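Thank you all for coming.

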Amino acid sequence: MRAAQDAFGSQAAADAIEGLFATLSATLAARGVRRFVVAGGETSGAVVKGLQAVVLNIGPRAAAGVPLVQTRGLALALKSGTFGGPAFFRETLKKTETAG
């Protein structure tokens with residue numbers, strides 16, 4: 001990351017990574033993926049943008065401070081900061097099986 005920041009600038013490197021996640025989430029959804037568990041505030045925003053989610057319906061709690069959300073038949077957990085414990089991803093994927 002440091003090499004990319006040095007070569008292209010911090011903002012350009014961040015924009016490229018966010019663009020990658022936006023494109024990746026859209027591609028995965030187009031291929032049938034219906035459950036997304038995302039860590040990082042900027043990454044979560046990029047995924048929401050890539051999925052073209054305009055309305056997020058708040059569902060049950062995945063972890064303290066992290067609700068499950070639904071949009072257009074997709075189930076998402078958008079985690080930022082230090083929310084969730086060591087098994088957050090495994091536990092949240094199980095919870096999203098019935099959401100969406």
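This is a predicted model: local features need pLDDT of at least 70, side-chain atom pairs count only at pLDDT 80 or more; totals for chains, interfaces and linings use all residues.

Of the contacts in the chain with a separation of 6 or more, 50% are between residues 24 or more positions apart, where contact means heavy atoms within 4.5 Å. Residues are numbered from 1 along each chain as its sequence is written, and side-chain values use heavy atoms, with hydrogens and water left out.

The chain has four helices and four strands, and their pattern along the sequence is α-α-β-α-β-β-β-α; helices (H or I, at least four residues) and strands (E, at least two) are DSSP runs, numbered from the N terminus. The C-alpha trace spans about 45 × 30 × 20 Å along its principal axes.

Let me turn to the sheet. It is open, with four strands in the order E1-E4-E3-E2 and mixed pairing, two strands being paired if DSSP finds at least two bridges between them. Strand E1 (35-39) and strand E2 (57-63) stand at the edges with a single partner strand each, so one side of each has no neighbour in the sheet. From one strand to the next, the twist averages 25 degrees.

E2 runs antiparallel to strand E3 (residues 66-71), and four bridges join them; within this pairing, Asn-57 has Gln-70 in E3 as its bridge partner. E2 and E3 form a hairpin with two residues between them, and Gly-65 in the turn has a positive phi of about 85 degrees.

Now the helices. Helix H4 (residues 88-96) lies across E1, E2, E3 and strand E4 (74-79), and runs at about 150 degrees to E1; axes here are lines fitted to C-alpha atoms, for helices over the stretch in contact, and angles run from 0 to 180 degrees between N-to-C directions. In helix H3 (residues 41-50), the buried residues are Ser-44, Ala-46, Val-47, Val-48 and Gly-50, and these pack against H2, E1 and E4. Buried means under 20% relative accessible area, exposed over 50%, and partly exposed in between (1.4 Å probe, protein chains only). Just after H3, Gln-52 takes a positive phi of about 55 degrees.

Where does Ala-53 sit? Its place is in the loop between H3 and E2, and Ala-53 counts as buried because its relative accessible area is 15%. Leaving aside neighbours within four places in sequence, Ala-53 is in contact with Val-48 and Thr-71. The C-alpha atoms of Ala-53 and Gln-70 are separated by 9.2 Å, although these residues are 17 apart along the chain.

Finally, the surface. Buried residues make up 29% of the 100 residues in the chain. Leu-28, in helix H2 (residues 10-30), counts as partly exposed because its relative accessibility is 31%. The accessible surface of the chain comes to about 6,200 Å², of which 57% belongs to carbon and sulfur atoms; these areas come from the Shrake-Rupley method with a 1.4 Å probe, and for residues only the protein chains shown count as cover.
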